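Let's walk through this structure together, one piece at a time. Keep the view open beside the text as you read.

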Amino acid sequence: MSCRFCGNTNTEVTEVEFKDGSKHLKEFCNPCSKWIGWVPQNKDPREFVMPIGKHNGKTLQKILEDDFDYLLWASENLPLNIRKKICNILNFPPPT
Ligand SMILES: [Zn+2]
């Protein structure tokens with residue numbers, strides 16, 4: 001990500017621990033030291049935890065190993081945001 005203040009791409013990410021113990025990645029601009037934003041975590045769709053269905057609570061990686069047929073079915077039948085992640089993992093074209 002580039003800095004919205006100076007346009008520089010020389011940024012630095014530091015880990016910040018919140019009071020509740022969760023960890024977040026904060027991105028700073030090095031040259032102007034402005035705060036750029038939070039870096040989204042769990043970017044790897046394989047780490048996404050299925051929120052619904054019979055594999056509720058499992059990561060997509062785990063479902064990929066356990067029940068490939070379900071993942072194929074899910075890639076056509078679940079809500080779009082989930083289908084996008086599944087299609088990404090399976091190297092399918094992104095769903096619309
Ligand atoms: Zn900057």
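Helices (H or I, at least four residues) and strands (E, at least two) are DSSP runs here, numbered from the N terminus. Residues are numbered from 1 along each chain as its sequence is written. Please keep in mind that this is a predicted model, in which local features need pLDDT of at least 70 and side-chain atom pairs count only at pLDDT 80 or more, while totals for chains, interfaces and linings use all residues.

Let's begin with the sheet. Strands of a sheet pair through backbone hydrogen bonds, either parallel or antiparallel. In this model three strands form an open sheet in the order 1-2-3, with antiparallel pairing; two strands count as paired if DSSP finds at least two bridges between them. Strand 1 and strand 3 are at the edges with a single partner strand each, so one side of each has no neighbour in the sheet. On average, neighbouring strands of this sheet are turned by 30 degrees against each other, direction ignored.

Now look at the individual pairs. Seven bridges link strand 1 to strand 2 (residues 23–29) in the antiparallel sense, and Glu-12 has Phe-28 in strand 2 as its bridge partner. Five residues lie between the strands of this hairpin, where Gly-21 takes a positive phi near 90 degrees. Strand 2 is also joined to strand 3 by four bridges, again antiparallel, and Leu-25 stands opposite Val-39 in strand 3.

How many of the seven residues of strand 1 (residues 11–17) are buried? The number is zero, so strand 1 lies largely in the open. Buried means 20 or more other C-beta atoms within 10 Å of a residue's own, exposed means 12 or fewer, and partly exposed is in between, with C-beta atoms placed from the backbone.

Next, follow the chain to Lys-58, in the loop between strand 3 (35–39) and helix 1 (60–66). Lys-58 has 17 other C-beta atoms within 10 Å and is partly exposed. Leaving aside residues up to four places away in sequence, Lys-58 touches Val-49, Met-50 and Ile-63, where contact means C-beta atoms, placed from the backbone, within 7 Å.

Finally, turn to the helix pair. The axes of helix 2 (residues 68–77) and helix 3 (residues 80–90) come within 8 Å and cross at roughly 130 degrees; axes are lines fitted to C-alpha atoms, for helices over the stretch in contact, and angles run from 0 to 180 degrees between N-to-C directions. Leu-71, Ala-74 and Ser-75 of helix 2 meet Ile-82, Arg-83, Ile-86, Cys-87 and Leu-90 of helix 3 in this contact.

How values were computed
Two residues are in contact if their C-beta atoms, placed from the backbone, lie within 7 Å.
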